[in-house]
Amino acid sequence: MILKIKFYNNEYGLLCGKNGLLYKTTDGGNSWEDISQSQFTQSSIPEILMINKNQYFIFTKNKNTLITEIYFTNDGGASWNLDYYVDDANKDLRTTVILS
């Protein structure tokens with residue numbers, strides 16, 4: 001199930017959803033490339049933030065552990081780095097990275 005579709009410009013966009021669904025387009029939505037990662041399959045991805053055509057943040061919510069994670073990519077979704085992690089059960093902040 002798709003939860004969100006966002007575009008950086010007329011060509012570059014992302015769509016995200018439940019069970020780690022994550023796709024990108026570079027041609028205005030005419031075709032979509034699956035950039036889902038195995039670490040996202042237990043999570044919904046309810047929000048995305050596109051900085052430019054290669055740099056994005058995704059916000060994940062694990063359906064089993066209730067952990068919220070924010071991942072960042074700077075290579076168009078080929079690889080992802082964990083930037084922020086909160087255990088909702090006890091509101092415990094694990095790590096924070098501020099990118100400039």
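Trainee: Let's start with pairing. In which sense do strand S3 and S4 pair, and over how many bridges?

Mentor: As a general idea, strands of a sheet pair through backbone hydrogen bonds, either parallel or antiparallel. Here, in what is a predicted model, strand S3 (residues 22-25) and S4 pair in the antiparallel sense, over two bridges. To find one of these on screen, go to Lys 24: its bridge partner in S4 is Glu 33.

Trainee: What is the order of the strands in the sheet they belong to?

Mentor: The order is S1-S2-S3-S4, an open sheet of four strands with antiparallel pairing. Strand S1 (2-7) and strand S4 (33-34) stand at the edges; each has a single partner strand, so one side of each lacks a neighbour in the sheet.

Trainee: And how many helices and strands does the protein chain have?

Mentor: Zero helices and nine strands. Reading from the N terminus, the elements run β-β-β-β-β-β-β-β-β.

Trainee: Next, hairpins. How many residues sit between S6 and S7?

Mentor: Four residues lie between them in the hairpin, and Leu 66 in that turn has a positive phi of about 65°. S6 and S7 run antiparallel and are joined by six bridges. For a landmark, Thr 60 stands opposite Glu 69 in S7.

Trainee: Which way does S7 pair with S8?

Mentor: In the antiparallel sense again, over six bridges. Look at Thr 68, whose bridge partner in S8 is Val 86.

Trainee: Is S7 mostly covered or mostly open?

Mentor: Mostly covered: seven of its seven residues are buried. When you read a strand, check which way the side chains point. Ile 67, Glu 69, Tyr 71 and Thr 73 point one way from S7, while Thr 68, Ile 70 and Phe 72 point the other way, and all of these are buried. For the protein chain as a whole, 34% of the 100 residues count as buried.

Trainee: Now rings. How do I describe an aromatic pair, and how many does the structure hold?

Mentor: A pair of aromatic rings is described by the distance of the centres and the angle of the planes. This structure holds five aromatic pairs. Take Phe 40 and Trp 80: the ring centres are 6.0 Å apart and the planes stand at 80°, so the pair is edge-to-face. Phe 40 lies in the loop between S4 and S5, and Trp 80 in the loop between strand S7 (67-73) and strand S8 (81-87), so the pair ties together parts 40 residues apart in sequence. Phe 40 and Trp 80 are buried.

Trainee: What about Phe 57 and Phe 72: what angle lies between the planes?

Mentor: The angle is 45°, with 4.8 Å centre to centre, and this aromatic pair is tilted. Phe 57 lies in strand S6 (residues 56-62) and Phe 72 in strand S7, so the pair ties together parts that are 15 residues apart in sequence. Both Phe 57 and Phe 72 are buried. Also look for the cluster in which ring pairs link Phe 40, Tyr 56, Tyr 71 and Trp 80.

Trainee: On to charges. How many salt bridges are there in the whole structure?

Mentor: A search finds two. In one, Glu 47 meets Lys 4, with the closest N and O atoms 3.2 Å apart. That pair links distant parts of the chain: Glu 47 is in strand S5 (residues 43-50) and Lys 4 in strand S1, 43 residues apart. Lys 6 also forms a salt bridge with Glu 47, and there the closest N and O atoms are 2.6 Å apart. Lys 6 lies in strand S1 and Glu 47 in strand S5, so this pair ties together parts 41 residues apart in sequence. Put together, Lys 4, Lys 6 and Glu 47 are linked in a network of salt bridges.

Trainee: How accessible are Glu 47, Lys 4 and Lys 6?

Mentor: Glu 47 counts as partly exposed at 24% relative accessibility. Lys 4 is partly exposed at 26%, and Lys 6 is partly exposed at 31%.

Trainee: Last one: which residues form the nonpolar patch on the surface?

Mentor: Ile 2, Ile 5, Phe 7 and Trp 32 form it, with about 370 Å² of accessible area together. Ile 2 is found in strand S1 and counts as partly exposed at 47% relative accessibility. As for the protein chain, it exposes about 5,800 Å², and carbon and sulfur atoms supply 49% of that.

Conventions
Residues are numbered from 1 along each chain as its sequence is written. This is a predicted model: local features need pLDDT of at least 70, side-chain atom pairs count only at pLDDT 80 or more; totals for chains, interfaces and linings use all residues. Side-chain values use heavy atoms; hydrogens and water are left out. Two strands pair if DSSP finds at least two bridges between them. A salt bridge is a side-chain nitrogen of Lys or Arg within 4 Å of a carboxyl oxygen of Asp or Glu. Buried means under 20% relative accessible area, exposed over 50%, partly exposed in between (1.4 Å probe, protein chains only). Patches are made of residues with over 30% relative accessible area and no salt bridge: like charges are joined within 9 Å, nonpolar side chains (Val, Leu, Ile, Met, Phe, Trp, Tyr) within 5 Å. Accessible areas come from the Shrake-Rupley method with a 1.4 Å probe; for residues, only the protein chains shown count as cover. Rings of Phe, Tyr and Trp (its six-membered ring) pair if their centres lie within 6.5 Å; planes under 30 degrees apart count as stacked, over 60 as edge-to-face and the rest as tilted.
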